[in-house]
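Dear colleague,

Please find below the sequence and the structure that I am handing over to you.

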Amino acid sequence: MLSFSSISTQTKPSLLPSNLYSSSSSLLFPASLKPNKLIHLRQRLQIRSMDSKHSHDHETQIKTHFHDSNSLKIAIIGFGNFGQFLAKAFVRQGHTVLAHSRSDYSSAAQKLGVAYFSDPHDLCEQHPEVVLLCTSILSTEKVIQSIPFQRLRRNTLFVDVLSVKEFPRDLLLKYLPEEFDILCTHPMFGPQSGKFSWVGLPFVYDKVRIGNNGFRINRCEQFLNIFAREGCRMVEMSCAEHDRHAAGSQFVTHTMGRLLEKFRLESSPINTKGYETLLNLVDNTAGDSFDLYYGLFMYNKNAMEQLERLDMAFEALKKELFGSLRDVCRKQLFGQIENLEISQEKGEKEPKLLPVGAQKGSPIGPQFVAGDHNGAHKNGSPNGYQNGFLEPSAEPVRLNK
């Protein structure tokens, strides 16, 4: 607002006659103006100044209201690596973030601009609009049971981000009051795979129980929009369908990564693109806890089937390898004998063999020639044999010339 009383008298411009100005006004109003017109002019200037100020305040209020209407107060329960990973995006988009965890992450929360509460009662008394469960799969039920629901607003939205979906869905339906909304989600990426960008990464969600009034529907969409704005590929899918697909993709991926980790893959100067992919797979899965992998197995009913299929596939591959190797070795070791058997099947005569100890032009000790089975030993054995052993005959024979 302009003030006329505090402005001092200024020097009149020399280009205009001095009688046109009044020395009593610092705004250099013409002296020819009548007092009532001068007062009216001053009032108009004051009104315009006030309108300008009110217009600026109104724009600020609109911006503030728009920001408040599009921001959420999100409480993260479980502020480990993944909770902190999500909190960075929430804060970056202007949302108010609160956090609670069993361990003390107060210093990490302060660096991220997150309000940390060591007591879950104090956290719930802040009346967050969204409660986000970022706990491990194994501890989920215990954590849900420890939340003081009575300190929350009756229509609070509960969201989980676990890697299995039917298990937390059933727990939330079991323990949460009926007035609470439930959104089951799975960001199918983590601090390693989503380190630089979330663009194109899948975000799976299932609106398990969302109230039918506009506020609750809009709040759910606001939360999902956080991930859509980051460029995620939004996939709406039932919890059962998610677990069926995840067992064949995520669980198998973690299994192969941990198997190769125990195999102790090492980088070499001649790494191929495929080998680099395997090394990256080990790095991505090794950063996750074993509890996560165990949870993927324990709380997804489809995981056991996939593990059995992997085992059967490995056994089939070994049989194929060893079967080919056996064929090669058999040809090398028994090839001549098999060729002989083939020739016999074609009707070729079997060559007659000389008795043991026979020499050209010398008497033959045993009275037996291979292929001549007409004679028989006195005990019923062929000539020259007794009890399966070669036995010399009584009468030596000579070869015919």
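This is a predicted model: local features need pLDDT of at least 70, side-chain atom pairs count only at pLDDT 80 or more; totals for chains, interfaces and linings use all residues.

The mean pLDDT of the chain is 80, and 66% of the residues reach 70 or more. Two stretches call for caution. Residues 1-28 have a pLDDT below 50, and the model gives this stretch 26 contacts beyond near neighbours in sequence. Over residues 364-373 the pLDDT also stays under 50, with 25 contacts beyond four places in sequence.

As for the cysteines, a search of the whole structure finds zero disulfides. Two of these residues may be looked at individually. Cys 220 has a relative accessible area of 1%, and because buried means under 20%, Cys 220 is buried. Cys 329 has a relative accessibility of 31%; this value lies between the 20% and 50% cut-offs, so Cys 329 counts as partly exposed.

The largest pocket holds about 1500 Å³ of space. Its lining consists of 47 residues, and those nearest the centre are Phe 82, Thr 135, Asp 288, Ser 289 and Leu 292. Two or more lining residues come from each of the helices α2 (81-92), α5 (140-146), α8 (239-263), α9 (273-286) and α10 (290-298), and from the strand β6 (181-187). By residue type, the lining of this pocket divides into 25 polar, 18 nonpolar and four charged residues.

With kind regards

Conventions: Residues are numbered from 1 along each chain as its sequence is written. Side-chain values use heavy atoms; hydrogens and water are left out. pLDDT is the predictor's confidence in each residue, from 0 to 100. Contact means heavy atoms within 4.5 Å. A disulfide is a pair of cysteine sulfur atoms within 2.5 Å. Buried means under 20% relative accessible area, exposed over 50%, partly exposed in between (1.4 Å probe, protein chains only). On a 1 Å grid over the protein atoms alone, a cavity is a set of points where a 1.4 Å probe fits but cannot get out, and a pocket is an open set with protein on both sides within 12 Å along at least five of seven lines; lining residues have an atom within 4 Å of a point. Grid points are joined across faces, edges and corners, and a volume is the space filled by probe spheres set on the points. Helices (H or I, at least four residues) and strands (E, at least two) are DSSP runs, numbered from the N terminus. Ala, Val, Leu, Ile, Met, Phe, Trp, Tyr, Cys and Pro count as nonpolar, Asp, Glu, Lys and Arg as charged, and the others, Gly among them, as polar.
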